[in-house]
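Subject: Structure for your files

Hello,

Here is the structure I said I would pass on. My notes on the domains, the chain contacts and the salt bridges follow below it.

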Amino acid sequence: MATVSLDNIKKRFGPTEVIQGVSLDVADGEFIVIVGPSGCGKSTLLRMVAGLETITEGELRIGDRRANDLEPMDRDIAMVFQNYALYPHMSVAQNMGYGLKIAGLPKAEIATKVADAAKLLQLTELLDRKPRQLSGGQRQRVAMGRAIVRAPSVFLFDEPLSNLDAKLRVQMRLEIRELQAKLGITSLYVTHDQVEAMTMADRMIVMNAGRAEQIGTPLDVYERPATLFAAQFIGSPSMNVLEVEGRDGALWLGDMRLPNPTGHIGPVMLGLRPEHLTPDPEGAIVMQVLLAEPLGANTLLHGKLATGQGFTASLPGVHALSHGGETLRLSISPANMHLFDTATGARLG
Amino acid sequence: MAREITGMVERRGFGLWLTHLVMIAGVLVIFFPIWLAFVASTVTQPEIVRPPMPLWPGDQLIENYTAALFAGVNVPVLTMLGNSLIMAVGIAVGKIIISLTSAFAIVYFRFPGRNMFFWLIFLTLMLPVEVRIVPTYEVIAGFGMLNSYQGLIFPLIASATATFLFRQFFLTIPDELAEAAHVDGASPMQFFWDILLPMSRTNIAALFVILFIYGWNQYLWPLLITTDPSMNTIVMGIRQMFPSGDDVADWPVIMATSILAMIPPVVVVISMQKLFIRGLVDSEK
């Protein structure tokens, strides 16, 4: 159990700066999810914390020690890999106990610790099996077990669920979260799946192109995205972004007049979440519906605005679509309108 | 297309007979000389030289083989078998150790000139033993290793082929495995012993078979550096049994020696075959 602090961590491969200064203080027992599209540097950041990549600049502290130059093993961390990385020729028990064996613990003690961890993860019956005899979910659990056995201060997860099918992923998501809460071990979890990020995180870091776009609780990021990127990355279906102009105390999208919550003047980016739109005969947004995707609980309506921009609305219940070209009027509460600077993408107001 | 394949698998009637006929004929053609050698090793010298040559085993089996094993022509065959065994095992084990460690270095360590070293090793693949045999002889003679096991084994140990094979195999092992071991606190050598080596088991077995036979069948090199008959290996030793001049060749003993020379490689192939077929069936990666 420990805090982790990243102070302006940077990583350069030759002249390219892949991590451009990330700072973060992780509290003891906190579950942090690092989320972003592929290539944003999230795995590199995690690997720097693990000690698998060197830190070019900045300071990493685990507990009260500077960890920049420590070997992975001395950092008191355990890592769960995307492809599980189980040793194929070792049994489940040997896989879980390998780290302890290296550390030179007596055999009896290793056996007890492995048995305890196996019990926690319901792996007791599988201890003698080889990894290839296990299902994907079981392998994932063994990988978790290998991490737990060492009783580390920090868990590091590198996209651990991306190789599982959708149903198992939901189940393992809950299991990992429960286990982490039970053990109270500080965790860093990398994923590209924003649903995992939303559901699991105490706080999340939205990363893009080597920068932390926003650090905050999932609801914080959803309700008050700090940048246009964070706004579009979090939320499904993703936010509609329109270029509008503020004048005469309103926002103008072509000749559609929308309320102006910040009183901004001049061109500005307006973000509207599809699920915040409501049908309204008086609504200012006029959308031509081209395609309906019924999901049961709600229906996604895809279409375009009079200005020609694509637009998506998510309405509760089932909406049958009469043969194409239907026109729908929508409105949105000013509280749910997000404005971003046209040039920098930073949140306004 | 699909029909042709089922046809091949479920060939019946005439087709079945034809394929077996061709197969049996092929086996007979290959097996006949070995059979003749075996027959010749069980009869007496006069029976061999008097035409027609016998086609069925005689009654001298035990006598001929005893003579070959314990007396031989220049040196007992048992000694030559022992020499060959030491050389073949030495070469196979040595090559495997050297190429495992060099492939490990090339794949898992970043050091200056890493690629250059790999290509240098790879280049030597293109030079057959015969091309560098004179300088190699010079070196071995300079070290005083003529007529010794070291002299028989060392020059043949470096192996670009095996290094290349292990390199290719190591490259298929996911990096995450090395990283997991790193996080588990394993040193590079612990990773090598505990993870890489057990995973390479089947490759090692397959290579051992190939390299053992390669070592066993060495002819030119042992011929050059062993002048003392007690250091002869069996493959070259058979040739040494032919008399120079007008002496009569002792064919039954020579043939018995040939048969004996075949046995160890056959045993190695058959016993190791099981191991690497099992390795192929439940491949673990």
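The domain bounds used here come from an automatic or database domain assignment. On that basis chain A splits into domain 1, residues 4-226, and domain 2, residues 240-348. Please keep in mind that this is a predicted model.

Domains of chain A

The C-alpha centres of domain 1 and domain 2 of chain A are 39 Å apart. Contact between them involves six residues of domain 1 of chain A and eight residues of domain 2 of chain A. Together the two domains of chain A bury about 520 Å², and carbon and sulfur atoms account for 42% of that area. On the domain 1 side, 79% of the buried area is supplied by A:Tyr222, A:Pro225 and A:Ala226, more than by any other three residues. There are zero salt bridges between domain 1 and domain 2 of chain A, but four residue pairs are in polar contact. The side of domain 1 of chain A that touches domain 2 consists of four nonpolar and two charged residues, with no polar ones.

Chain B against chain A

The size of an interface is often given as the accessible area lost when the parts come together. For chain B and chain A this area is about 1,900 Å², with 59% of it on carbon and sulfur atoms. In terms of residues, 20 of chain B are in contact with 26 of chain A. B:Glu176, B:Val183 and B:Asp184 lose the most area on the chain B side, together 35% of what that side buries.

Nine residue pairs are in polar contact between chain B and chain A. Helix H10 (175-183) and helix H11 (188-199) of chain B each supply at least two residues of the side that touches chain A. H10(B) gives the largest share, seven residues. By class, that side of chain B has nine nonpolar, four polar and seven charged residues.

The count of salt bridges between chain B and chain A is two. One salt bridge between the chains pairs A:Arg150 with B:Asp184, the closest N and O atoms lying 3.9 Å apart.

Other salt bridges

Over all chains, the whole structure has 14 salt bridges. Within chain A, A:Glu175 and A:Arg141 meet at 3.1 Å, N to O. This pair links distant parts of the chain, 34 residues apart: A:Glu175 is in helix H5 (residues 166-183) and A:Arg141 in helix H4 (residues 136-149). A:Glu175 is partly exposed at 25% relative accessibility, while A:Arg141 is buried at 13%. Another salt bridge joins A:Asp69 to A:Arg66 at 4.0 Å, N to O. Here A:Asp69 is exposed at 68% relative accessibility and A:Arg66 is partly exposed at 43%.

One loop residue

A:Ser91 sits in the loop between strand S6 (77-80) and helix H2 (92-102) of chain A. A:Ser91 is buried, with a relative accessible area of 11%. Leaving aside residues up to four places away in sequence, A:Ser91 touches A:Leu127, A:Asp128, A:Arg129 and A:Lys130.

Regards

Notes:
Residues numbered from 1 in each chain as written. Chains lettered and ligands numbered in written order. Predicted model: local features only at pLDDT ≥ 70, side-chain atom pairs only at ≥ 80, totals over all residues. Heavy atoms only, no water. Contact = heavy atoms within 4.5 Å. Buried area = accessible area lost by both parts, 1.4 Å probe. Salt bridge = Lys/Arg side-chain N within 4 Å of Asp/Glu carboxyl O. Polar contact = N/O pair within 3.5 Å; in protein donor to acceptor, adjacent residues only side chain to side chain. Nonpolar A, V, L, I, M, F, W, Y, C, P; charged D, E, K, R; others polar. Helix = DSSP H or I, 4+ residues; strand = E, 2+ residues; numbered from the N terminus. Buried < 20%, exposed > 50% of the residue type's maximum accessible area, 1.4 Å probe, protein only.
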